[in-house]
Amino acid sequence: MNLDDVQRIAHLSRLELNQAEAEAVLPQLQAIFSLVEEMQAVDTSGLEPLAHPILFLRDLAQPLRADQVTESDHRAENMQSAPAQQDGYFLVPKVIE
Amino acid sequence: MSWHNTPIALMAKALAAKQVSSTELTQYFLDRIEAGKHWNAYLDVSAHLSLEQANKADQLISSGKARKLTGIPVAHKDVFVTRGWKSTAASKILAEYQSPFDATVVANLGIPSKENPSGAGMVCLGKTNMDEFAMGSSNENSAFGPVLNPWNAAHVAGGSSGGSAAAVAAGLAPIATGTDTGGSIRQPAAFCGLTGIKPTYGRVSRHGMIAYASSLDQAGPMGKTAEDCALLLSAMSSHDPRDSTSLADSGEDYGRYLNQAWQEGNSTANKPLAGLRVGLPKEFFAEGLSADVAKSVNEAAKTLENLGAKLVEVTLPKTKLSIPVYYVLAPAEASSNLSRFDGVRYGHRASEYKDLGDMYQKSRTEGFGAEVRRRILIGTYVLCHGYYDAYYLQAQKIRRIIAADFQAAFKDCDVILGPVAPDVAWRLGEKSKDPVQMYLEDIYTLSTNLAGLPAMSTPCGFNGNNLPIGMQLIGNYFSEARLLQVAHQYQQATDWHLRQASEVA
């Protein structure tokens with residue numbers, strides 16, 4: 001991993017890193033990935049990935065519910081923590097000129 | 001009456017006998033919270049909201065509608081969203097967030113309402129400090145400052161549920177909720193001399209629990225005794241149609257075996273654990289374990305043996321690998337979960353930006369702390385095209401081996417015993433410069449989250465500096481009641497869990 005990788009993943013993560021911050025985080029990430037490299041020595045051929053502990057116990061059947069309206073109108077409560085709003089809508093910077 | 005030394009099992013009796021009211025109990029703990037601010041255990045307290053709930057609890061009691069825990073105060077880790085109190089996950093990005101709804105855990109424990117008629121009737125004392133988004137092992141990653149350990153204020157309280165642990169240990173709450181993604185209930189419980197249990201994945205609803213790593217996150221109680229934890233867990237767990245991974249068959253009484261012998265007919269009064277096979281994984285007692293912790297846990301094993309248990313050696317060969325596996329999978333899930341924080345619908349929005357993309361980027365960069373940013377970067381990297389197979393899928397395959405290793409071990413034993421952490425609570429700042437050094441401290445707790453198994457922590461001694469040591473009991477799926485039984489029997493034979501920090505009057 002190099003500084004370009006750090007800036008690339010920072011961009012994908014929608015995080016900003018200036019040069020000094022990228023230089024500080026690089027050795028930390030390198031140290032973490034040298035720990036992660038220990039996994040490569042394990043022979044996992046023929047094994048299925050285990051995405052979820054429940055899958056180890058049984059098939060995770062997606063529970064389904066009746067297609068009914070169960071929620072009432074919570075618009076005001078749901079909007080109360082919005083950083084910016086207008087006319088009951090979330091306000092964001094102009095996207096299309 | 002020193003209510004902060006009283007287990008909730010006894011508090012419930014005093015409330016039922018009308019020896020004390022919920023309002024009196026609540027005021028008692030609110031006063032202690034006010035006097036104990038220096039521990040930094042709470043992030044939000046609202047006396048009038050708590051007293052309002054206490055008043056409702058007293059009405060339930062006087063009208064004969066009380067349940068077992070009605071009127072008992074409880075502190076909630078700030079990862080559970082609550083109406084009325086702020087819900088921040090100890091992050092700047094949620095610093096002012098007010099949730100429009102209660103987490104299922106909060107509702108299950110709270111005052112019964114029209115939406116939630118089966119609430120236990122407990123009183124919320126406030127929201128406890130934690131590592132930001134539950135990412136950390138020392139509570140030093142909180143955006144609102146570290147929690148101090150009530151046993152020694154120069155030491156960490158553990159993490160990520162450090163505020164809940166310190167609140168109970170300092171007598172600022174009789175019991176608290178926590179969450180455990182890689183040890184975040186068990187390790188702070190051990191560091192603060194408490195009992196805590198992480199149940200089987202799926203026992204407790206994750207609805208309204210601010211997500212870190214969804215396939216690992218699980219909530220549980222942190223209290224003074226195994227009996228108290230059994231009481232709270234029974235009220236916390238439920239099947240929840242709002243959580244697709246919630247188990248259908250929860251809702252049991254986790255305290256039903258507490259005072260029973262392990263095997264009826266095979267045990268005597270002084271050998272209540274006759275027939276129990278305790279597995280000691282040799283990898284848990286290998287290099288890296290401090291001498292003090294090894295000594296205390298080995299003595300605990302002897303105590304269990306004296307109570308009738310049989311000790312057997314077992315092996316969990318991939319113990320060391322649980323660290324890289326966890327630190328690939330948890331950040332991968334975190335990077336996805338935390339993508340929702342974009343400054344649009346809720347949370348922090350940067351004050352200056354060029355356009356929408358810049359607003360996302362600046363809001364997230366300003367809102368997240370260093371460790372959260374680091375884990376998002378790791379998670380994004382391991383999910384990238386070209387690295388996905390080598391890191392993410394390889395980690396998931398080893399996760400299957402780790403889960404299978406536990407099943408092999410459980411052929412030879414009923415519960416597994418080991419340390420919770422390699423050492424006692426470290427000094428504030430001691431490990432915060434080097435993330436890898438901090439990750440290595442999680443070695444004994446990560447594998448149970450990867451496998452989804454229940455595991456608990458109970459006090460088993462002190463080191464030379466009077467800092468608490470915890471032992472870990474791991475059980476097979478759905479064996480919480482049995483783990484609590486073993487811990488309860490151990491607590492009947494020992495008094496480690498009753499010790500109080502000298503600074504906590």
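Chain B has a radius of gyration of 21 Å; a compact globule of 505 residues would have one near 23 Å, so the two agree. The model is predicted. The C-alpha trace of chain B spans about 75 × 55 × 45 Å along its principal axes.

**Fold of chain B**
- Chain B contains 15 helices and 13 strands.
- Of the 505 residues in chain B, 62% are buried.
- Take the contacts in chain B between residues at least 6 apart in sequence: 74% of them join residues at least 24 apart.

**Nonpolar core**
- The largest nonpolar core holds 169 residues.
- Val74(B) and Ala166(B) have the most contacts inside this core.
- Helix H9 of chain B, residues 322-337, gives the most to the core, with 9 residues.
- Nonpolar side chains tend to be buried together in soluble globular proteins.
- Leaving aside residues up to four places away in sequence, Ala166(B) touches Trp39(B), Ala41(B), Val147(B), Leu148(B), Asn149(B), Pro150(B), Ala157(B) and Cys192(B).

**Contact with chain A**
- Chain B puts 52 residues into the contact, and chain A puts in 43 residues.
- On the side of chain B that touches chain A, the elements giving two or more residues are H9, H10 (356-367), H11 (370-382), H12 (388-409) and H13 (435-440), each a helix of chain B.
- H12(B) provides the largest share of that side, 10 residues.
- By class, the side of chain B that touches chain A has 29 nonpolar, 13 polar and 10 charged residues.

Methods: Residues numbered from 1 in each chain as written. Chains lettered and ligands numbered in written order. Predicted model: local features only at pLDDT ≥ 70, side-chain atom pairs only at ≥ 80, totals over all residues. Helix = DSSP H or I, 4+ residues; strand = E, 2+ residues; numbered from the N terminus. Rg over C-alpha atoms; globule rule 2.2 N^0.38 Å. Buried ≥ 20, exposed ≤ 12 C-beta atoms within 10 Å, placed from the backbone. Contact = placed C-beta atoms within 7 Å. Core = buried A, V, L, I, M, F, W, Y, C linked by C-beta atoms within 7 Å. Nonpolar A, V, L, I, M, F, W, Y, C, P; charged D, E, K, R; others polar.
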